[in-house]
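Visitor: Hello! Could you show me the structure and walk me through it?

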Amino acid sequence: MSSAAASAAKDPASALPATRLDWIPLALVPVIALAALPMVGSLPTWVTLTVAGLAMGMMIFMMASGLTLVFGLMDVLNFAHGIFIAVGAYGAATVLTRMSAQMEAQSLASDLSAMVPAVLAAIALAGLLGWFFERVLIRPVYGDHLKQILITMGGLIVFEQLIHVVWGPDIIPLPRPGTITGSFIVGEAAIERYRMLAVIVGLAVFAAMWLLLNRTRIGLLVRAGVENPEMVESLGYRIKRLFIGVFVAGSGLAGLGGAMWAMYQEQVNAQMGMQVLVVIFIVVIIGGLGSVVGCFVGALLVGLLANYTGYLAPKLALGSNILLMVLVLLWRPRGLYPIGKA
Amino acid sequence: MPEAAAAPMLALTGVNTHIAQYHILHGVDFEVPRASLTMLLGRNGAGKTTCLRTIMGLWRASAGAIRVDGRDITQAATPEVAQLGVAYVPENMGIFAGLTVRENLLLAARSGEPEAKRLAWIFGLFPAMKTFWNALAGNLSGGQKQMLAIARAIVEPRKLLLVDEPSKGLAPAIIANLVEAFKELKRTDTTMLMVEQNFNFARTLGDTVAVMDSGRIVHTGRMDELAGDAALQTKLLGLSLDSHQ
C-alpha cells in the first residue's frame with residue numbers, strides 16, 4: 001500500500017466503520033461441540049469424537065475449497081470435482097507404494113521423505129487434470145449450466161474408467177507411515193495421530209488460502225472476480241487467466257484432500273471421489289457459494305455433526321448432513337457467508 | 001491546432017451490435033472530442049447502454065469501427081480496451097460489495113499502488129471515500145457507492161471515461177455533489193462520454209451531445225444548443241427541458 005493509502009487507513013476518521021467478520025456462523029462450531037458434551041457424557045469420548053470430527057472436517061474442507069472457488073468465480077457446476085480427489089489419491093498411493101522401504105524405517109524423517117513427494121504428486125496430478133478439464137471440457141460450456149452438468153458428469157465417468165485402465169479395477173490398500181499410525185493419550189482420551197496431522201494440515205491450508213485471498217493482489221482479484229467477473233475485466237484484468245489458475249489450484253487442493261482422505265481410509269478406489277461428492281456439495285452450499293471461510297466453517301460443522309450423531313444415534317448419522325443443510329438454509333438461504341454476486 | 005490534438009478521442013463509425021438474435025445498434029456514428037464531456041441521450045431502450053458496452057468490448061460490434069485515440073479497438077477484448085486507458089462506470093455501478101473501499105480502489109490502480117497525490121485529490125472530490133476507507137463497499141449508501149464507482153474509474157489518469165447514468169436513483173443533494181465532482185474532472189481535461197436520463201444534469205455538464213433513438217444516432221451537436229431549443233428536445237427526447245425543471 002502507498003504511503004497515502006497507509007496514512008488514510010491510519011486516519012482516525014477512516015477507522016469508523018471497519019470491516020468486521022461475521023462471528024455467528026463461526027461460533028456455531030464451538031457451540032455444537034459444547035452442546036454435544038453433556039449428550040456424549042464422557043469427556044475422553046467427547047475429546048476423541050471432537051478431534052475425529054475436526055479432522056474429518058479439515059479433509060472435507062481441503063477437498064471442497066477448490067470447488068467453492070470454481071463455483072463462485074467461474075459459475076461452473078463441476079460434477080467432475082470428485083475425479084480430482086480420486087486421481088490425487090491414486091497419485092499419492094503410487095508414490096507411497098514405491099517408497100514403502102522408507103516408511104519401514106519408523107522415523108519421522110524417512111516417513112516425511114515418502115509423504116511429501118506423495119502429496120506433491122497428488123497435487124500435481126490433480127492440478128494437471130484440472131487444467132485439461134478446464135481447457136477441453138469446461139471452456140466450451142461456460143454460461144450453460146445444463147451442459148456443464150452433463151459434460152462434467154460424463155468426464156467423471158470416463159476418467160473413473162481410465163483409472164481402472166491405469167491402476168486396475170481393484171481397491172489398492174494404502175498403509176499409513178508408521179509414525180502417524182496409532183494414537184496418543186491426552187488425559188484419558190485417545191487421539192489418533194493421523195487425525196491430528198489432518199487437523200494441522202487443514203489449518204495450514206486454510207491459513208494459506210486466507211492469507212492469499214486477503215493479503216495479496218491475486219487474492220483481491222479472485223474475491224472481486226467471484227462477485228463480478230465482468231467488472232474485473234473492465235478494470236483491465238484478464239479474467240480467463242485467473243479462471244485457469246483458480247481451476248488448477250482448486251483441482252490441486254482436491255488432489256491434496258484426496259491424498260489425505262485415502263491415507264485416512266487406508267485404501268484407494270476409483271469411486272472415492274464420487275462417494276464424497278455429495279458431502280462436498282453440501283459443504284459448499286452451507287458455506288455460501290464462493291466463500292472459503294464459509295466452506296471451512298461448513299466443513300467443520302459437517303465433520304463434527306457426523307461424528308457426534310454417529311456415536312449418539314447411528315441411524316441418524318447419514319441424514320445429519322442433510323438436516324444441517326436444511327437448518328442452515330432456513331436460517332441463511334444463501335449460506336453461512338454469502339458472497340454478493342453482481 | 002495540430003492534427004493529432006484535433007482528432008477525436010473516441011470515434012464510432014457505422015457500429016452495429018447484435019445481442020443474440022436482436023439487432024440493437026444500427027450503424028452508430030459519432031465522435032467524442034478530447035477534453036470534453038459528451039452526453040449520450042435518448043429514450044429508454046434507445047441503445048445508449050449497449051453503445052457504451054460495445055465500446056468497452058463487453059459486447060462485440062458486428063460491423064463498423066471504434067477508434068480510441070486513433071487506435072482501432074473494434075475487436076479488442078475488454079481488458080485491452082481498459083489497458084488503453086478507458087474506464088467504465090456501469091449503470092449498476094459495478095462496485096465489489098464484499099471488498100472495502102480501499103480494496104476497490106487498490107484493484108483499479110493497475111500500475112501498482114494509488115499515487116498519494118491522486119488519492120488526496122480523490123478524497124477532496126469525495127470525502128466519504130476517506131471516511132469509509134476501511135468499510136465494506138456493500139455497506140455504503142447509494143450515493144456513496146456511485147462516488148466509489150467514479151473514484152475507482154479515476155484512481156489513475158484515464159484517456160476516456162464512460163459513465164452510465166450516474167445520477168440514477170440518487171437524492172438531489174447527492175446529485176449536486178456529483179455535478180461538482182464532474183465539473184472538477186472537466187477542469188482536468190478528462191474526456192468523458194456519459195449516458196444520462198436527467199436532462200438538467202446533462203445540460204449542466206455536457207459540452208457536446210449525441211442523441212440516440214432505436215439504435216441510431218439521430219442528432220449530434222452542442223449541448224447548449226439543444227438545451228436552448230425546446231422544440232428540438234421535444235422532437236428528440238419526447239419532453240422539453242421545462243418539464244424537467
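Guide: Gladly! Axes here are lines fitted to C-alpha atoms, for helices over the stretch in contact, and angles run from 0 to 180 degrees between N-to-C directions. Keep in mind that this is a predicted model.

Visitor: How are helix 8 and helix 9 of chain A oriented to each other?
Guide: The axes of helix 8 (residues 193-215) and helix 9 (residues 217-227) of chain A come within 5 Å and cross at roughly 85 degrees. Angles of 65 to 115 degrees count as roughly perpendicular. Helix 8 of chain A is therefore, relative to helix 9 of chain A, roughly perpendicular.

Visitor: Which residues of helix 9 of chain A meet helix 8 of chain A?
Guide: By class, this contact has four nonpolar, two polar and two charged residues. Helix 8 of chain A brings A:Leu212, A:Leu213, A:Asn214 and A:Arg215. Their partners in helix 9 of chain A are A:Ile218, A:Gly219, A:Val222 and A:Arg223.

Visitor: Which strands stand at the edges of the open sheet in chain B?
Guide: Six strands of chain B form this sheet with mixed pairing, in the order 6-7-8-3-9-10.

Visitor: What radius of gyration does chain B have?
Guide: Chain B has 245 residues, and a compact globule of that length would have a value near 18 Å. The model agrees with this, as the radius of gyration of chain B is 18 Å.

Key:
Residues numbered from 1 in each chain as written. Chains lettered and ligands numbered in written order. Predicted model: local features only at pLDDT ≥ 70, side-chain atom pairs only at ≥ 80, totals over all residues. Helix = DSSP H or I, 4+ residues; strand = E, 2+ residues; numbered from the N terminus. Parallel < 35°, antiparallel > 145°, perpendicular 65-115°, else oblique. Contact = placed C-beta atoms within 7 Å. Nonpolar A, V, L, I, M, F, W, Y, C, P; charged D, E, K, R; others polar. Rg over C-alpha atoms; globule rule 2.2 N^0.38 Å. Pairing = 2+ DSSP bridges.
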